[in-house]
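Welcome, and thanks for taking a look at this one with us.

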Protein chains: 2
Amino acid sequence: MKGNDNVARQMPDKHGANELHHDVMTGDGRIDFEIIEGLFFAYRDFISDPDAILATSGFGRAHHRVVHFVNREPGMTVADLLDTLKITKQSLARVLKELIDCGYIQQVAGPEDRRQRKLYPTKTGRELALALAEPQSRRIARAFENMNAGDRRAVVKFLAGMQNAKSE
Amino acid sequence: MKGNDNVARQMPDKHGANELHHDVMTGDGRIDFEIIEGLFFAYRDFISDPDAILATSGFGRAHHRVVHFVNREPGMTVADLLDTLKITKQSLARVLKELIDCGYIQQVAGPEDRRQRKLYPTKTGRELALALAEPQSRRIARAFENMNAGDRRAVVKFLAGMQNAKSE
DNA sequence: AAAAATATGTCAACAATGCTGACGTATTTT
DNA sequence: AAAATACGTCAGCATTGTTGACATATTTTT
């Protein structure tokens, strides 16, 4: 710390132009901070489960998503996958190539349209996807302990309602 | 596409060592794919709202998180923030410095422990945090349309249950 | 008072995963 | 035959995460 620049000593902004807030942001009750923050923390911890496993195989979250959806919809094309993940094909190419090279996914030329590359998981790929989903599913089950079927329906409905409309 | 390497023509793996799966991964009902995928899509769209606003100011998601929590807990220290975000101080330093330099956040030396840097949002910082929270809150409100108070309680409880236990 | 611990900042290098732009090839459609 | 489509690939860049090492101010411990 060479200079103590930037570190206000104790005084409020002497010009009054951009004063500090010492009060908690409440949004006057118009902002749903409870859900905003609940989602942030829930997702942060939800994602941390598979990260540990991924570190072992040298893959990352991007690989996780790819291997997950290919397992959930075997035969999907590259275009399908791009639409699901909402990333560019160059971003996808990197991780998809690695998953193919390492034997987790295979491509098959489309039977009708041979330009397409239909994606299928290998046995190893299926096992990886399941191994990654397991701790996440356990976490979910734990969260639903002491909750009833109606509660679960509410959560499902909420999660669906948070999503953008499907474009078709 | 110089070579057609990697592109299986139509045949299953001739060695049987790592066969393809053409069936949808179900996990034999032991994996909660409905919630896993619901969370993925919900979160993906949830964070896309502020991204548009952030692009204008030249900030990213990392800045968003910082400015959000500093507004929600003015006077929090750098250590508090690190614990909330679960990132390294070097990662935080980059975005925090930018937010300070641009006048969204100020630091004040701790009154009791002067090693600490207590973080406060400026007026501009408060406005940014609110602007970012607004579309997210609207999305949440839309998701809760046609749901009752009990449904909301279920969602809150679920999100809390998904989080790791607080360490204290 | 001296030594150790703590809170924070900073430099440097690197990794993962997004992006854009441009271009190539195989295949299908017009 | 020409155009459109599906996919691959090269190159470069931005954001945001990581480690490791070290500096400084301040507080706590000895």
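Let us start with Asp28(A), an exposed residue that has 7 other C-beta atoms within 10 Å. Please keep in mind that this is a predicted model.

- Most residues other than glycine have a negative phi.
- Asp28(A) is not a glycine, yet its phi is positive, at about 55°.
- You can find Asp28(A) in the loop between strand E1 (7–8) and helix H1 (33–57) of chain A.
- Look for Lys86(A) in the loop between helix H3 (78–85) and H4 of chain A.
- Lys86(A) has 11 C-beta neighbours inside 10 Å and therefore counts as exposed.

**The surface near DNA strand C**

- There are 25 residues around DNA strand C, and those that come nearest are Gly60(A), Thr88(A), Gln90(A), Thr77(B) and Ala79(B).
- In chain A, helix H2 (61–72) and helix H4 (89–101) each give two or more residues to this surface.
- Which element gives the most to the surface near DNA strand C? That is H4(B), with four residues.
- Sorted by class, the surface near DNA strand C has eight nonpolar, nine polar and eight charged residues.

Terms used:
Residues are numbered from 1 along each chain as its sequence is written. Chains are lettered from A and ligands numbered from 1 in the order in which they are written. This is a predicted model: local features need pLDDT of at least 70, side-chain atom pairs count only at pLDDT 80 or more; totals for chains, interfaces and linings use all residues. A residue is near a molecule or strand if its C-beta atom, placed from the backbone, lies within 6 Å of it. Ala, Val, Leu, Ile, Met, Phe, Trp, Tyr, Cys and Pro count as nonpolar, Asp, Glu, Lys and Arg as charged, and the others, Gly among them, as polar. A residue is buried if 20 or more other C-beta atoms lie within 10 Å of its own, exposed if 12 or fewer, and partly exposed in between; C-beta atoms are placed from the backbone.
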